[in-house]
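Student: I am new to reading models of this kind, and I would like to go through one slowly. Could we take one feature at a time, with the general idea before the case?

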Amino acid sequence: MSRAKTAPTIEVVANGELRTIPDGLTVAEFLAGLELDSDVVVVERNGEIVPRSRFGELRLEADDRLEIVHFVGGG
């Protein structure tokens, strides 16, 4: 009997919440999965701000700690 292979996953903590995500996910892909516009957020990874220009290339790793701040316009 063969078992279907499941994609490898990792755990990260985002804004204090433990999340299981596919291994190899970039910051941009993670934000898209949360339906957040990467143009209006700041992401801190393990205590360091991630430059927006690196969102598409920086891959999340197991046990990363993320803080995501979403800017809201107002008047």
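Tutor: Let us begin with a salt bridge, which is a side-chain nitrogen of Lys or Arg within 4 Å of a carboxyl oxygen of Asp or Glu; here Glu17 makes one with Arg19, and their closest N and O atoms are 3.7 Å apart. Please keep in mind that this is a predicted model, in which local features need pLDDT of at least 70 and side-chain atom pairs count only at pLDDT 80 or more, while totals for chains, interfaces and linings use all residues. Residues are numbered from 1 along each chain as its sequence is written, and side-chain values use heavy atoms, with hydrogens and water left out.

Student: How many salt bridges does the structure hold?

Tutor: The structure holds four. Three residues, Arg45, Glu61 and Asp64, are linked in a network of such bridges. In the pair of Glu61 and Arg45, the closest N and O atoms are 3.8 Å apart; Glu61 lies in the loop between β4 and β5 and Arg45 in strand β3, so this pair ties together parts that are 16 residues apart in sequence. For Arg45 and Asp64 the closest N and O atoms are 2.8 Å apart, and that pair links distant parts of the chain, 19 residues apart, with Asp64 in the loop between β4 and β5.

Student: Is Arg45 buried or exposed?

Tutor: The general idea is a comparison with cut-offs: buried means under 20% relative accessible area, exposed over 50%, and partly exposed in between (1.4 Å probe, protein chains only). Arg45 has a relative accessible area of 16%, so Arg45 is buried. Asp64, with 3%, is buried as well, whereas Glu61 is partly exposed at 47%. Returning to the pair we began with, Glu17 is partly exposed at 44%, and Arg19 is partly exposed at 26%.

Student: Which residues is Arg45 in contact with, leaving aside its neighbours within four places in sequence?

Tutor: Contact means heavy atoms within 4.5 Å, and on that basis the partners of Arg45 include Val50, Leu58, Glu61, Asp64 and Leu66. Asp64, with residues up to four places away in sequence not counted, touches Glu11, Val12, Val13, Arg45 and Asn46.

Student: What is the order of the strands in the open sheet?

Tutor: Helices (H or I, at least four residues) and strands (E, at least two) are DSSP runs, numbered from the N terminus, and two strands pair if DSSP finds at least two bridges between them. The open sheet has five strands in the order β2-β1-β5-β3-β4, with mixed pairing. At the edges stand β2 (17-22) and β4 (48-49), each with a single partner strand, so one side of each is left without a neighbour in the sheet. Strand β1 (residues 9-14) pairs with β2 in the antiparallel sense over six bridges, and Val13 has Leu18 in β2 as its bridge partner.

Student: Which residues touch the most other members of the largest nonpolar core?

Tutor: In soluble globular proteins, nonpolar side chains tend to be buried together. A nonpolar core is a set of buried Ala, Val, Leu, Ile, Met, Phe, Trp, Tyr and Cys residues joined through side-chain atoms within 4.5 Å. The largest one here has 16 residues, of which Ile21, Val27, Phe30, Leu31, Val43 and Phe55 touch the most other members. Two or more residues of this core come from each of β1, α1 (27-33), β3 and β5 (65-70). Val27 is in contact with Val43, Phe55, Leu58 and Leu60, once its neighbours within four places in sequence are left aside.
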